[in-house]
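Welcome! Here is a friendly tour of one protein structure, a few places at a time.

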Amino acid sequence: MMKEQIFMTISIVVYLAVVVAIGIRFSRRNKDTDDFYLGGRKLGPFVTAMSAEASDMSSWLLMGLPGLAYLTGCADPFWTALGLGIGTYLNWLIVAKKLRNYTEICGNSITLPEFFSNRFRDKRHILMGIAAIIIIIFFIPYTASGFAACGKLFNSLFGVDYVTAMVVSAIVIVAYTTLGGFLAASTTDFLQSIIMTIALVVVLGFGINAAGGLDQVIANGQELAGYLSVTQVHDPVTNTASPYGALTAFSMLAWGLGYFGMPHILLRFMAIEDREKIKLSRRIATVWVFISMAIAIFIGVIGYGMYKAGALGKLEGSASETIIVQIANLIATHGVLAALIGGLILAGMLAATMSTADSQLLTAASGVSQNLIKGVFGVNVSKKTEMIIARISVVCISVVGVFLARNPDSSVFNIVSFAWAGFGAAFGPVVLTALFWKRTNMWGALAGMIAGGVMVFVWKYLIRPLGGLLDIYELLPAFLVAVAAIIIVSLLTPKPSEDIVKEFETVNAIK
C-alpha cells in the first residue's frame, strides 16, 4: 500500500470509528421500539433537515448523478435533479407539519404502515400488512444499492475484493444501526451530510483546476454533441445528440413525486420535536438539496474535462460512477495533507451511502418486527424482546441486501430509480389523500397502494420497453393510476365513519 493510501485509509477508519461510537452512545437511550424506530419524537430542526436529506440523497448523489452526467451530459441529471428539488420543497411545505400532527393524534403512530392502519381504523391490519410487505420488497434492493456503492468504492480505490469490501461496509452500518437505532442513524446522517458537503466542494475546486480552468471545462463539453444542453441527450458511443422531448423531461420531473411516499424521509417529519421549527428545517433542506445536486452534476462534466486534460483515464459504463473516487485518488498524490483530504472525500462517499442504508434498514426492520410480527400477527412480547426482534430484523435484512448486491456491475442509479418509483407510487398518493381528502377510506387507500406498486412493475417491464411515447419513467404513470384508484374506489364504497372524519377535521384545524 502506497503512502497516500495509508493516510486515506486513516481518514476512513477514523470516520467509521466515529459513527460506531455514535451508535454505542445512543444505544442507552433506546428503552423501547418507540425510541428505536422514531427517537421518541425528539429531533431538532437542523438534525431533522440534514438527516432527512442525507438519508434521501444516498450514494446516488456522489456516484449515480455525476456518473450519469459524465456519460450522457446534462439533460437527464438536470431534469431529475430539478424534480427532486421541487419535490423536496413541496414535501416539507405541505406534508411535514400535517403528518407530524396526524401521526401523534392518530394512535401515536411510529411507522408509516401503522399510521395507515390507525388513520382508516383498519382493525384487521390489512393496510399495515400490505404496506409492510411493500417496504420490504422495495427497501431490500434499495439497501443493496448502498452496499454495492461501498464495494465499488473500496474496490476501485485499493483493489480490495468487491464482495469483501461490501460485506465489511455492511457490518459497520449494521453495527451502529442495531446499537443506536433511529437517534444514532439521524445523528450520523447529520454528520454525514456535513462530510458530503465538504467532499463535493473540494472535488469541485480541484477538478476545475486539474481540467485547466472553468473555461476549458465548458469548451470541452461543447465539443460533444448535446453534452451541455438540457434539451438534448448525448450519445457517448456515436458522439451524436438526440432531442430530449418535453414528455421525457416531464417524466423525469416526476422524480419529485417520490418524496411523498418515502418512508425513511417521512419518518423524519414524524420525529420532529418542535413542529414550529419545520419552516427552518424546510429552508435548510431545500437550499442544501439544490446546491449539492448542482455541484454533483457539474462534477460529472468536470470529469470529462479532466479526461481531456489527461488528468484522468476514460471511464465507461458503470465505472463512470467511480469518478469522485478517481478524483480523490488524484488529490491524494499531492502530499500527506492532501491524502488525508482525499480520505475525507471517500469518507463523504461512504457517508452518502451509509446515511441512506441505515435509515432503510430501520424502516424495513420496522416493517418486519413492528408491523408484521406485532401488528398483523399480534405477537405480544416484552419491551426487551421487542428490541431483540427489531435488531435481529436489521441483521437479517442486511444479509439479504448483501446477497443481492454481490454483482459488481449493478448500476446504483438504476436500482435507486426503480425503488424510488415503487415507494412514490405505492405510498405517495395514499399519504396525500390521507392527509388532505377526508372522503378517502380504507378500501380506497388499499386499492391505491396495490395499484401503484403493481403498475411500477407493469410499466417498467411490459409497457416502457415498447418505446416511443411510452418510454417514460414508471413513477409518473404508476402515481396517476394510484390516485385514480383511491378516488374511484373511495367513492364507490361507504364513507368514512364519523370518528374518522372528526379526527381529520381536528388535525386540519391545527395551524
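## Helix H11 and Val287

Val287 lies in helix H11, which spans residues 278-308; helices here are DSSP runs (H or I, at least four residues), and strands are runs of E with at least two, both numbered from the N terminus. With a relative accessibility of 47%, Val287 is partly exposed, a class between buried (under 20% relative accessible area) and exposed (over 50%), using a 1.4 Å probe and protein chains only. Tyr89 is 198 residues away from Val287 in sequence, yet their C-alpha atoms are 9.2 Å apart.

This is a predicted model, where local features need pLDDT of at least 70 and side-chain atom pairs count only at pLDDT 80 or more, while totals for chains, interfaces and linings use all residues. Residues are numbered from 1 along each chain as its sequence is written, and side-chain values use heavy atoms, leaving out hydrogens and water.

## Glu503 in helix H18

Helix H18 (residues 498-509) holds Glu503. Is Glu503 buried or exposed? Its relative accessible area is 13%, so Glu503 counts as buried. Setting aside residues up to four places away in sequence, Glu503 touches Tyr102, Ile105, Cys106 and Arg121; contact means heavy atoms within 4.5 Å.

Strands S1 (residues 232-235) and S2 (residues 240-243) run antiparallel and are joined by four bridges; pairing requires at least two bridges found by DSSP. Gln232 sits opposite Pro243 in S2. Four residues separate the two strands of this hairpin, and Asn239 in the turn has a positive phi of about 55°.
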